[in-house]
Amino acid sequence: MTYASDVAALARKDLLLELRAKETLPSMLLFVIAALTIFHFALPSGTSDVAARGLLWAALIFTALLGLTRAFVAEREQSMFDALILTPVDRSAIWLGKAIAVFAFLVAAEVVALPAFAAFFHGLNGRTVAAVALADIGICTVGTLFGAMAVAGRARELLLPLLFLPMAIPIVVGGVGGYLWFLVLYDAIFALLSWAAFEYVVSEV
Amino acid sequence: MSIHLKLPALAAACTGLFGLALALALFYAPEDADQGLSQRIFYIHVPLALTAYASFGWGAWKALRYLRTRDERADLESYVAIHQGVIFGALTLLTGSIWARISWGVWWSWGEDELVLFLVLFLFYCAYFMLRYSVDPGPARANMSAVYALFGVVLIPVSFLAIRLSKQFIHPVVFKLAGPQMAGSQFLTFCVCLAAMLMLFATLYAIELAGKRLDRSLRELKELLT
């Protein structure tokens, strides 16, 4: 088996699991719509588009967190990690497969959330959509690695936001400001680092 | 054991250097024409910040050493360095806040890059302890701590860039590529203060490390006896 087919098999497993259980994606969808509704009431009437766009990023980061918290729960509860580590695949393939699955969930949630945002608030420009797409890569790569760390601990769901939110601050800055080059830089640096580091995170679990 | 000789010597040298640094900062360095006495906090605030960076960097270096050699000592050293870094970072936030209050009349200024960066780093490295104390001791914990410490040292420049991008720039720029923008006597004072602060880090690092090692040997001894 090649690296690519390993990754594809692992990602397909997660997508198939979600298709059967329907746990993560519906909750992410409901969460993001509820969050946007709350933001509508939290913002005073007549606020600028810029303020609304900032809240879109808050909603997206927290929605992603919801998905990331669930990402490794099945592996942990069924003791799947040991089995995955015993399989003759490169460990980073486990990370990449999971990151792709999380990315798919996040994009699916955004396909609903972005039009909803455009309808609730004052439209959406192409630059924001591009920034969201780029930010998703950074969120999923770093988030998957930290998700794997968080499930090893006792605090679990509590731990991931603490680990992940400081890392997400640069993403929010790049996203709100529309600095696409900065998001590309962030994605490249942290995707590479996560890819290289994942082996150490799971090898001793 | 050499540690019995090294620690008091280090502590004595640190005290002497710190006394000299304080004397220079308070009596030797000229008064700032614009800010007056309050500018002298610069000699504490900036060395604190640089020392915090140095300890995070040192922690990441030890983390890398751990991942390469699997030496348990490197894991402990990385933890102690980051622990010291968080303390220096908290003091940077505190002194920066005091300076901002006196200079600009506000306790907190989002326009000041360094303060915001330290807030981000403070949040990040506090989570390091949450991670470390949520996982049982052992190679898994050491691995995760090391990976997290390495992420931190990469996050520093990325966050700095992000904050520069996002904020209007009102922080006084003292160090430029052309060289420090201050008088020679001020620069000398600053260098001595920085050396004293780094020495303080080295001393605290050595003390905490010695304590932690002693703690570990005691535990091992206790396990052997029971």
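**Entry 1: terms and model.** I take helices (H or I, at least four residues) and strands (E, at least two) as DSSP runs, numbered from the N terminus. I note that this is a predicted model, in which local features need pLDDT of at least 70, side-chain atom pairs count only at pLDDT 80 or more, and totals for chains, interfaces and linings use all residues. Residues are numbered from 1 along each chain as its sequence is written, while chains are lettered from A and ligands numbered from 1 in the order in which they are written.

**Entry 2: chain B.** I read the elements of chain B along the sequence as α-α-α-α-α-β-β-α. I count six helices and two strands in this chain. Two residues are in contact if their C-beta atoms, placed from the backbone, lie within 7 Å. Of the contacts in chain B with a separation of 6 or more, 76% join residues 24 or more positions apart.

**Entry 3: chain A.** I find nine helices and zero strands in chain A. From the N terminus on, its pattern is α-α-α-α-α-α-α-α-α. Of its 205 residues, 45% count as buried. Residues 24 or more positions apart make up 82% of the contacts in chain A with a separation of 6 or more. I compared the radius of gyration, taken over C-alpha atoms, with the globule rule of 2.2 Å times the number of residues to the power 0.38. Chain A has 17 Å, which agrees with the value near 17 Å for a compact globule because the chain has 205 residues. Along the principal axes, the C-alpha atoms of chain A fill a box of roughly 55 × 35 × 30 Å.

**Entry 4: helix H6 of chain A.** I looked up residues 91-120, a helix of 30 residues that reaches 43 Å from its first C-alpha to its last, close to the 44 Å expected. The expected span is 1.5 Å times one less than the number of residues. I find a kink of about 30 degrees in H6(A), centred on A:Glu110. The bend at a residue is the angle between axes fitted to the seven residues ending there and the seven starting there. A:Ile94 also lies in this helix. I class A:Ile94 as buried because it has 23 C-beta neighbours inside 10 Å. Not counting residues up to four places away in sequence, A:Ile94 touches A:Leu10, A:Leu84, A:Val89 and A:Val202.

**Entry 5: where the chains meet.** I find that the contact takes 26 residues from chain A and 25 residues from chain B. On chain B, helix H4 (113-134) and helix H5 (139-166) are the elements that give two or more residues to the side touching chain A. H5(B) supplies the largest share of that side, 16 residues. I also checked the length of H5(B): its end C-alpha atoms are 39 Å apart, which agrees with the 40 Å that its 28 residues should span. A kink of about 30 degrees lies at B:Leu155 in H5(B), shortly before the proline B:Pro157.

**Entry 6: A:Leu163.** I set aside neighbours within four places in sequence and find A:Leu163 in contact with A:Phe146, A:Met149, A:Ala150, B:Ala127 and B:Leu131.

Methods
A residue is buried if 20 or more other C-beta atoms lie within 10 Å of its own, exposed if 12 or fewer, and partly exposed in between; C-beta atoms are placed from the backbone.
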